[in-house]
Number of protein chains: 2
Amino acid sequence: MKHTRIKDLLNATEYGQQVTVKGWVKTFRNNQFIAINDGSTLGNIQAVVDFNSTDEALLKRITTGAAIAVTGPLVESLGKGQRVEIKVETLEILGDSDPEKFPLQPKKHSLEFLREIAHLRFRTNTFNAVFRVRNALSFAIHQFFFDRGFVYMHTPIITGSDAEGAGEMFKVTTLDFDHTPRTPDGKIDYKEDFFGKPTNLTVSGQLEGELAAMALGNIYTFGPTFRAENSNTTRHLAEFWMVEPEMAFYELEDNMDLAEELLKYVIRFALDHCPDEIEFLKNRLSEEEKNKPQAERSEMDLITKLHFCLDNRFERLTYTEAIEILQRSKPNQKKQFKYLIEGWGSDLQSEHERYLVERHFKKPVILTDYPADIKAFYMRLNEPDEQGRLTVRAMDILFPGIGELVGGSQREERYDRLVQRMQEMSVPTEELEWYLDTRRFGTAPHSGFGVGFERLVLFVTGMTNIRDVIPFPRTPNNAEF
Amino acid sequence: MKHTRIKDLLNATEYGQQVTVKGWVKTFRNNQFIAINDGSTLGNIQAVVDFNSTDEALLKRITTGAAIAVTGPLVESLGKGQRVEIKVETLEILGDSDPEKFPLQPKKHSLEFLREIAHLRFRTNTFNAVFRVRNALSFAIHQFFFDRGFVYMHTPIITGSDAEGAGEMFKVTTLDFDHTPRTPDGKIDYKEDFFGKPTNLTVSGQLEGELAAMALGNIYTFGPTFRAENSNTTRHLAEFWMVEPEMAFYELEDNMDLAEELLKYVIRFALDHCPDEIEFLKNRLSEEEKNKPQAERSEMDLITKLHFCLDNRFERLTYTEAIEILQRSKPNQKKQFKYLIEGWGSDLQSEHERYLVERHFKKPVILTDYPADIKAFYMRLNEPDEQGRLTVRAMDILFPGIGELVGGSQREERYDRLVQRMQEMSVPTEELEWYLDTRRFGTAPHSGFGVGFERLVLFVTGMTNIRDVIPFPRTPNNAEF
């Protein structure tokens with residue numbers, strides 16, 4: 001008999017119909033009540049066995065983690081917590097799960113422990129919920145851009161360019177460490193490598209995205225990017241997914257509007273499509289925070305926080321205005337910041353970003369027009385201000401609890417200024433002639449931004465460690481599974 | 001004034017409205033008619049300049065590839081080929097394009113030439129159409145799976161496992177070739193490498209996908225995969241995108257049904273959403289084929305071929321049946337095959353696949369139950385046939401002109417048989433303990449398949465070289481841009 005998904009049965013109203021369910025045993029109580037989950041939903045269906053008429057040896061094999069198939073009529077449930085249940089007529093064990101060996105028991109496991117068995121953690125409620133929300137957010141991103149006529153570009157993962165300057169890169173090679181080919185002067189002979197030159201894993205698809213935008217108008221990327229940085233924090237991964245839209249004829253204001261619209265769209269989409277999962281994650285977070293000192297607990301619960309971001313226009317201000325606020329702020333005056341704000345020009349630290357978002361404005365903040373010195377070569381230069389200070393048309397979107405979620409800019413479309421900036425910042429122009437071609441032939445104002453996808457998932461799920469929102473995290477000394 | 005997308009204007013009916021368009025000049029005829037494209041659609045809008053009232057120096061800058069902004073009323077067009085046009089009142093050059101230097105002139109360029117300037121080929125009609133179809137196919141895949149409750153999994157790109165056996169792998173490292181750390185016995189000390197062990201780029205997300213499917217039920221991946229194989233063909237890339245669904249409780253029949261449904265869904269989606277692009281590509285292909293000898297031309301044009309795949313049930317037969325057909329076939333009898341079919345057991349070559357699809361059945365074909373010896377360790381073993389021959393529950397979907405588009409199987413869910421197969425095929429079990437855990441704890445029948453995304457795009461666009469359907473192809477000795 002064809003099996004039915006539990007998600008469909010939990011919504012079914014046709015009592016008495018004969019159904020088959022296949023899934024994994026979550027719990028088995030009183031030799032009678034089996035909670036079964038098949039991954040189609042966070043919810044379980046209850047299957048009721050008549051233990052008098054069931055072989056004892058079979059009952060013993062109904063253990064947490066076992067895969068089973070049950071068939072019987074769908075009936076109204078008299079127990080509380082569910083509307084329907086299955087009255088088991090036949091039960092088959094598809095795969096046993098030895099309770100002495102199965103690492104997941106029906107009790108609370110620490111997230112640290114679950115990270116070590118990442119191949120099994122999908123079977124917990126928490127990760128079932130997290131990865132379902134991640135899925136909804138991914139789809140929402142594609143839906144948002146498709147509806148607006150953006151073209152999804154698969155920019156290359158292996159790149160011959162190391163000029164993007166966004167961070168340390170991983171080498172990609174087929175050379176043998178023990179027998180490296182050498183040129184006559186003793187250097188590595190990359191002509192013998194697979195691509196005939198040194199190659200790396202991409203840190204961003206932006207530059208290639210710009211090439212496409214300067215022809216197809218509006219494009220976006222959504223793919224893996226890499227940083228070979230030795231950062232062991234709750235916010236960094238060596239391999240993570242980024243969303244990078246790039247729009248011809250957009251100036252910075254348009255760019256900010258689009259980013260704000262996108263973030264609100266995808267958060268709303270997750271709330272609409274994963275209400276049970278987010279409710280579960282809200283409760284999980286509240287439980288977790290009970291163990292924290294009062295001062296460190298969130299002011300808002302997860303769902304309130306998500307709605308708060310939807311209902312408020314993101315605060316927009318310049319870096320210069322932000323520095324003034326931070327200089328006058330209590331934690332700066334009282335020297336409570338680890339890095340005191342001495343004046344204009346320094347980069348903002350996480351503590352400053354969080355002060356602005358969580359304490360001063362109490363909503364998402366878009367900071368614009370950063371000092372040119374601390375930003376990338378491709379950002380559009382503003383005219384110097386009255387004090388002669390140079391800024392660029394950058395924007396960073398800061399979110400509560402997360403810090404920087406989005407980084408973007410209007411791009412420098414003027415050939416001469418771009419070349420000058422590259423030279424000032426020691427970016428080799430000869431390696432980026434193809435990039436400069438977009439400024440040589442029909443250049444036009446354009447803008448774009450990047451969303452760190454895992455940070456977005458962190459925000460929407462209320463999880464606190466980025467390793468818990470990607471299936472198999474890659475971090476220094478960790479590439480398991 | 002806010003600009004309007006050309007796609008929206010071409011459908012507009014409100015004549016007389018004042019509009020601004022920003023885009024690139026495709027052609028400029030008679031000092032009067034500018035064809036402008038902004039990437040929002042394959043179509044151009046015509047803007048008509050009054051050359052009497054326009055500065056001559058400005059007119060000279062309206063060259064192919066220049067970025068311009070024009071403003072004026074949208075009026076009914078008297079010329080043929082368009083319904084509306086813009087009567088230009090103001091014209092601004094956003095970015096010049098020196099006709100002496102711009103490599104794309106309004107004439108036919110060879111695909112080989114365009115591959116060398118892949119950063120500019122997006123501006124041609126052909127690649128505008130190809131990448132818009134690619135976008136529609138990508139979105140259709142996500143839509144298909146989202147609607148059916150599948151969870152999109154981002155399986156890892158960097159993998160510590162090299163046991164998948166699907167092909168040669170690229171090494172990922174941060175070690176310095178010139179100063180490789182060594183263990184006391186002189187070997188490379190991978191403890192010093194970023195991940196503390198050797199790592200590679202993934203060849204498939206399947207094994208990790210199975211982990212997720214054995215908890216979330218139905219999942220799919222859609223991401224980049226890699227082969228470090230020195231294949232310089234029109235069908236191979238070193239970096240390409242794969243779609244890999246994996247379904248708990250699916251047997252091979254369900255797997256075939258899903259694959260056929262998916263392929264038909266996405267082809268229909270492309271036809272529905274990109275009619276102009278596919279019409280353009282149909283004509284392009286017909287033009288291209290005019291230069292071929294009659295015998296090599298397609299029997300059907302592109303659109304007929306796509307409909308033909310939609311309208312026919314894919315032919316399903318076993319490898320054993322296929323071998324019998326091939327042995328009896330004319331090209332085998334007349335020794336026209338390069339590799340003659342001598343009997344049961346040998347792998348099929350492209351010429352055999354094409355014979356079955358294009359000449360014998362004249363529709364897509366699903367071959368199942370291949371000899372165990374020529375397939376991967378994780379495929380489910382059938383009982384030996386009456387002659388004692390061993391086959392596995394594999395399926396390959398063969399498409400006209402493309403050959404293998406999909407490869408899949410029911411997985412071996414039985415722990416003992418899986419371990420035995422791994423040992424027979426020298427797959428190290430100790431490296432895949434996590435994979436074996438899915439068979440230890442609640443194992444269940446499950447199946448999945450992989451779609452080579454670029455091959456799908458090839459099929460739907462009618463392009464003939466796989467390098468022309470991915471933005472920046474990576475092949476031996478080529479990682480430009």
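Author: Chain B can be laid on chain A with an RMSD of 0.0 Å by a turn of 180° and a shift of 0.0 Å along the axis, the copies being superposed by least squares on the C-alpha atoms of residues with pLDDT of at least 70 in both. The two copies are thus related as by a two-fold rotation axis. This is a predicted model, in which local features need pLDDT of at least 70 and side-chain atom pairs count only at pLDDT 80 or more, while totals for chains, interfaces and linings use all residues. Residues are numbered from 1 along each chain as its sequence is written, chains are lettered from A and ligands numbered from 1 in the order in which they are written, and side-chain values use heavy atoms, with hydrogens and water left out.

Reader: What area do chain B and chain A bury between them?

Author: The contact (heavy atoms within 4.5 Å) takes 114 residues from chain B and 114 residues from chain A. Buried area is the accessible area, found with a 1.4 Å probe, that two parts lose on being put together, summed over both. Of the area between chain B and chain A, 66% is on carbon and sulfur atoms, and the total is about 9000 Å².

Reader: Which three residues supply more of the area that chain B buries against chain A than any other three?

Author: On the side of chain B that touches chain A, the residues divide into 53 nonpolar, 34 polar and 27 charged, where Ala, Val, Leu, Ile, Met, Phe, Trp, Tyr, Cys and Pro count as nonpolar, Asp, Glu, Lys and Arg as charged, and the others, Gly among them, as polar. The three residues that lead in the area chain B buries against chain A supply 10% of it, and they are H154(B), F177(B) and F249(B).

Reader: How many salt bridges are there between chain B and chain A?

Author: A salt bridge is a side-chain nitrogen of Lys or Arg within 4 Å of a carboxyl oxygen of Asp or Glu. One such pair joins R182(B) to D178(A), with N and O 2.6 Å apart. The search of the whole structure finds 60 salt bridges over all chains, and the count between chain B and chain A is six.

Reader: Are R411(A) and E246(A) buried or exposed?

Author: These two side chains meet in a salt bridge of 2.8 Å, N to O. The pair links distant parts of the chain, 165 residues apart, with R411(A) in the loop between β16 (403-410) and α12 (415-424) and E246(A) in strand β12 (residues 239-248); helices (H or I, at least four residues) and strands (E, at least two) are DSSP runs, numbered from the N terminus. Buried means under 20% relative accessible area, exposed over 50%, and partly exposed in between, with a 1.4 Å probe and protein chains only. By that rule, R411(A) and E246(A) are both buried.

Reader: Where does R316(A), the partner of D257(A), lie?

Author: D257(A) forms a salt bridge with R316(A), the closest N and O atoms being 2.9 Å apart. The pair ties together parts that are 59 residues apart in sequence, because D257(A) lies in helix α6 (residues 252-273) of chain A and R316(A) in strand β13 (residues 315-318).
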